[in-house]
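Subject: A structure for you to explore

Hi there,

Here is the structure I promised to pass on to you. Please open it beside this email, and then read on for what turned up in it.

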Amino acid sequence: MTGWVKDTDADGQCAQVYAYFPATGSYQYSAKACPKGDVKYFTLNGSGTSANVYLREVG
């Protein structure tokens with residue numbers, strides 16, 4: 001999958017996308033987007049036909 005993540009808050013945290021690939025039990029992570037206004041483009045690849053994709057805030 002490809003996409004982008006953007007930090008929209010000036011709260012001292014970063015925005016990050018990550019994906020879990022159940023077929024292999026593996027995770028992949030985008031780069032962290034921070035400070036506010038920063039955008040990171042990403043490509044995450046994994047085996048299988050499905051992925052669980054999440055957005056999170058990290059310090």
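Let's start with a pair of strands. Strand E2 (residues 14-21) and strand E3 (residues 26-29) pair in the antiparallel sense, over four bridges. Strands here are DSSP runs of E with at least two residues, helices are runs of H or I with at least four, and both are numbered from the N terminus. Two strands count as paired if DSSP finds at least two bridges between them. Across this pairing, Tyr20 stands opposite Tyr27 in E3. The hairpin of E2 and E3 has four residues between the strands, and Gly25 takes a positive phi near 70° there.

Before going further, a word on the model and its numbering. This is a predicted model, in which local features need pLDDT of at least 70 and side-chain atom pairs count only at pLDDT 80 or more, while totals for chains, interfaces and linings use all residues. Residues are numbered from 1 along each chain as its sequence is written, and side-chain values use heavy atoms, with hydrogens and water left out.

Now for the whole chain. The protein chain has five strands and zero helices, so you can read its elements from the N terminus on as β-β-β-β-β. Its C-alpha atoms fill a box of roughly 35 × 20 × 10 Å, taken along the principal axes. Of its 59 residues, 25% count as buried. Buried means under 20% relative accessible area, exposed means over 50%, and partly exposed is in between, using a 1.4 Å probe and protein chains only. Among contacts (heavy atoms within 4.5 Å) between residues at least 6 apart in sequence, 64% join residues at least 24 apart.

Which two cysteines does a disulfide join? They are Cys14 and Cys34, with an S to S distance of 2.1 Å. A disulfide is a covalent bond between the sulfur atoms of two cysteines; in this model, the term is applied to a pair of cysteine sulfur atoms within 2.5 Å. The structure holds one disulfide. The pair links distant parts of the chain, as Cys14 is in strand E2 and Cys34 is in the loop between E3 and strand E4 (39-43), 20 residues apart. With 65° about the S-S bond, the link is right-handed.

Are these cysteines buried or exposed? Cys14 counts as buried because its relative accessibility is 10%, whereas Cys34 is partly exposed, with a relative accessible area of 30%. Cys34 has another feature to look at: the peptide bond from Cys34 to Pro35 is cis, with omega near 5°. Pro35 lies in the loop between E3 and E4.

Two other loop residues deserve a look. Ala23 lies in the loop between E2 and E3, and counts as exposed because its relative accessibility is 58%. Leaving aside its neighbours within four places in sequence, Ala23 is in contact with Ser47 and Gly48. The C-alpha atoms of Ala23 and Asn45 are separated by 12 Å, and these residues are 22 apart along the chain.

Gly12 is found in the loop between strand E1 (2-6) and E2. Gly12 is exposed because its relative accessible area is 67%.

Enjoy exploring!

Best wishes
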